[in-house]
Each structure stands twice: as C-alpha cells, then as structure tokens.
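Reader: I have a structure open and would like to go through some of its parts. Can we take it piece by piece?

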Amino acid sequence: MLTLDKIYHAAFVLKNVARKTDLIKATKLSDTCELYLKTENLQETGSFKLRGAYYKISQLTDEEKARGIIACSAGNHAQGVAMAAARNGIKAMICMPDGAPLSKIEATKQMGAEICLVKGVYDDAYAKAIQLQEETGATFIHPFDDELVIAGQGTIGLEILDELEDLDAVVVPIGGGGLISGIAFAIKHLNPDIKIYGVQAAGAASMFESRKAGAPVMLDSAATFADGIAVKQPGENTFRIIEEYVDDIVTVTEDEIAASILALIEKQKVIAEGAGAVAVTAVMFDKLPVRGQKVACVVSGGNIDVNILSRVITRGLVTSGRNVNLTIALTDKPGQLQEVSEIIAGCGGNVVAVHHDRADANMAITSCFLKLALETRDHQQIQEIKKRLTEAGFSLVTERV
C-alpha cells in the first residue's frame, strides 16, 4: 500500500538524483489567479518521470536487477528508466510507440537502453513489453500503475508544500495517473484543504471518462500531440487513488494546448511539451474554479521535438489571434490590392504573404481570390480588420488556419 512514509523515503533516495525543481511565480500567464509553475521540465531527463523510475529501480532486489528490466513508454518514462538503469549497472529494454518523438527515442538510446519500437500508441507498446517480459523474465517497470513509482512522483507534492504551504490548489497533468496520484496522496495527507485538479487532452481523456463511468475504461483511440499523456486506459491503482484524493478532472483541446505552450515560451521563457503544458492550459482557459486563488501548475516535461514545436507555435499564434489567413473575392482590376493593404495597415495589421488565385472554376473570368496571411495583435484586431474590409465593400470568402 502507498503510504506517506514511502513518499518521504523516496525523497531521501532521490536527494542526490532528482533535482529539486524551482517553483516560480508566473505573473504573465493569468490575470485571474496567483499562478506558480513547478518546473519539472528542468529535470536532467527533461521530465518528472525520473523520480518514480529511479525510486522503483532502487528498491529492486539483486536477483531482480540481475534479470534486467523492461519498460514501456511514450518517451519520458523511457529516459528515466534508462538513466536509472545506467546508474545501477542494469540492462534495460524499453518498448516505445513508433510515433514517439525522435528526440525522446535518441535520448533514451544515448543513455544505454535497448529500444523496441512498436506500431501504435503507448498501450500497444505496453502490450509488447508485457509479452517480452514473460518471454525473458526481466523485471517490468510500470510507468504509472505501481506504488513505488507513484511514491517517487509524490515527492513533487512534498517539494511544492515545502515552498508554498498556503496554496489553494494544485493542477496536474494526467496520462495514466501516476503523477497526480503521488502528488494528490502527499498533499491531501499533509493539507486536505488544498484542491487537486487533473487535466487531460480531450482526445485522450481516459481518466476523465473512467471517472464518469466509475471504473477504468479503455478508449478506442488516444489522439493528441501531447504524447506524454496519450494513454487509452488508466491504471487500476491510479484510478482508485484519484477517486479518493482528486477533486476534479477537466479536458483541454489541441488548440488550447498549443496556445499555452506559446504563452509559456513567450511570457515565461519556459519550454514545455504538450503533456507538460496542459495544467497551465486549464488555468489559462478558465477550465477550473481558481479565480482569486493561489495555484501551482505542474509543468511535467519539456521534451518536445523541435519539428513539432514549430507547428505548435504556428497553431498557437492562430489560436491566440496573432496569425490569420483571409481570402477576399475581388474584381481583378488595378488598385484593389493597394486599397486592401491600406485598410489592413490602418488597423495595425501586417501582411506577410499575398497570393492571387485566378484559377478557381467557380469564379467569374474577371474575378480573383486574394489570399492574405497576416500578423495581428489579437482576435479583436482581426475582427476590426474584417469589419473595415466589409465596410469598404470587399467580400470575405473564408478564413483558414
């Protein structure tokens, strides 16, 4: 059984292994609450997963260590297991979904672990890892549904309370549930008045749906770029702990996650992966009843692939009203582009790309579509530009992301 003593023991074991990450005040991310960020993205492996993996492996018997270890992961648990195995001289095999970010795969390899790529998502990698464990007799290190792993993650809760005892709420990402289980267990036992909220991606809301159903459920799919929380079925142990200690669970959309990643970069100089940003997302988009409160959000990881990051930034700019594409139907005659440009410039917008489309079969021979990409300040400015263009007699055909 998970106990507070185990979490304190985990903190002792991890004292010289896991960094006691900063809890920083984020004054620029919310004007409705006093927001703090627990920056687990700054761990040596780039996420909190090192804590649970290392503590679990540290408690194995010599016989279990000799058999080697096997794990499954979307990437962050893999790095934690690989690092712990390397420091303890243990052979490690890790099953990862073939869609895992290349940066996470390569980082895991560099720590000395053997990688087995599995077609599908995390749950498919889990099935393969169980099969290999049965064939080889290696010791399986579960990424979330294990009391020692949960105890390791619970050390984050102790650290949060060490710095801020008067918190009103802690917001935590949920994939399989190991992180929030450990944090909630620790904090609720030390200060039951603090609210614990969980956040999932809407496309992979397995714990959210399980809570509604009253038992762990298996989703048909887990579709989100937040690969660290793309879990189709939560754990039995984590579900039980969450039912007892977590006050509520909410979901956030892909566009909302992208916007919060951009805000973290631009306003707080913090790099978060999709899974790492969802707690902040829930606060930014008013998904939780935390107005006027002192709130800590766990930024659980920062291992985002740079190729994905560029797309996420673009999507975040669109979602926050900083980029927009407009298509205008024009009569193809001199002066039209100049008039459109003057209206946009007068509103303070910036045209970054222009394309004349005369090839659409549905328009008149003397007409064209003017497609513009704009840099804008916010959604209000976009609406002002549209209003001015319409008042000037221009026809807005469509707006595309």
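Reader: Which residues make the nonpolar surface patch of about 200 Å²?

Author: This is a predicted model. In it, Leu337, Val351 and Val354 make that nonpolar patch, about 200 Å² of surface.

Reader: Where is Val354 placed?

Author: Val354 belongs to strand 12, which covers residues 350-357.

Reader: And what does Val354 count as, in terms of accessibility?

Author: Val354 counts as partly exposed, because its relative accessibility is 44%.

Reader: Different topic. How many bridges join strand 4 to strand 5?

Author: Five. Strand 4 is residues 92-97, strand 5 is residues 114-118, and the two run parallel.

Reader: Which residue is the bridge partner of Met96?

Author: Leu117, in strand 5. The chain gets from strand 4 to strand 5 by way of helix 5, residues 102-110, and this β-α-β crossover is right-handed.

Reader: What stands opposite Met93?

Author: Glu114, which is also a residue of strand 5.

Reader: What about strand 3, how many bridges join it to strand 4?

Author: Four bridges. Strand 3 is residues 69-72, and it runs parallel to strand 4. Cys72 has Cys95 of strand 4 opposite it.

Reader: Which helix goes with strand 3 and strand 4 in a β-α-β unit?

Author: Helix 4, residues 76-88. The unit made by strand 3, helix 4 and strand 4 is right-handed.

Reader: So strand 4 has come up with both. Is it mostly covered or mostly open?

Author: Mostly covered: of the six residues in strand 4, five are buried.

Reader: One more. Where does Gln381 lie?

Author: In helix 15, which spans residues 379-391.

Reader: Buried or exposed?

Author: Gln381 counts as buried, because its relative accessibility is 3%, and the cut-off for buried is under 20%.

Reader: Which residues is Gln381 in contact with, leaving aside neighbours within four places in sequence?

Author: Gln381 is in contact with Cys347, Gly348, Gly349 and Thr376, once those neighbours are left aside.

Terms used: Residues numbered from 1 in each chain as written. Predicted model: local features only at pLDDT ≥ 70, side-chain atom pairs only at ≥ 80, totals over all residues. Heavy atoms only, no water. Patch = residues over 30% accessible without salt bridge, like charges linked within 9 Å, V, L, I, M, F, W, Y side chains within 5 Å. Areas by Shrake-Rupley, 256 points an atom, 1.4 Å probe, with all protein chains shown as cover. Salt bridge = Lys/Arg side-chain N within 4 Å of Asp/Glu carboxyl O. Buried < 20%, exposed > 50% of the residue type's maximum accessible area, 1.4 Å probe, protein only. Pairing = 2+ DSSP bridges. Right-handed = clockwise from strand over helix to strand, strands pointing away. Contact = heavy atoms within 4.5 Å.
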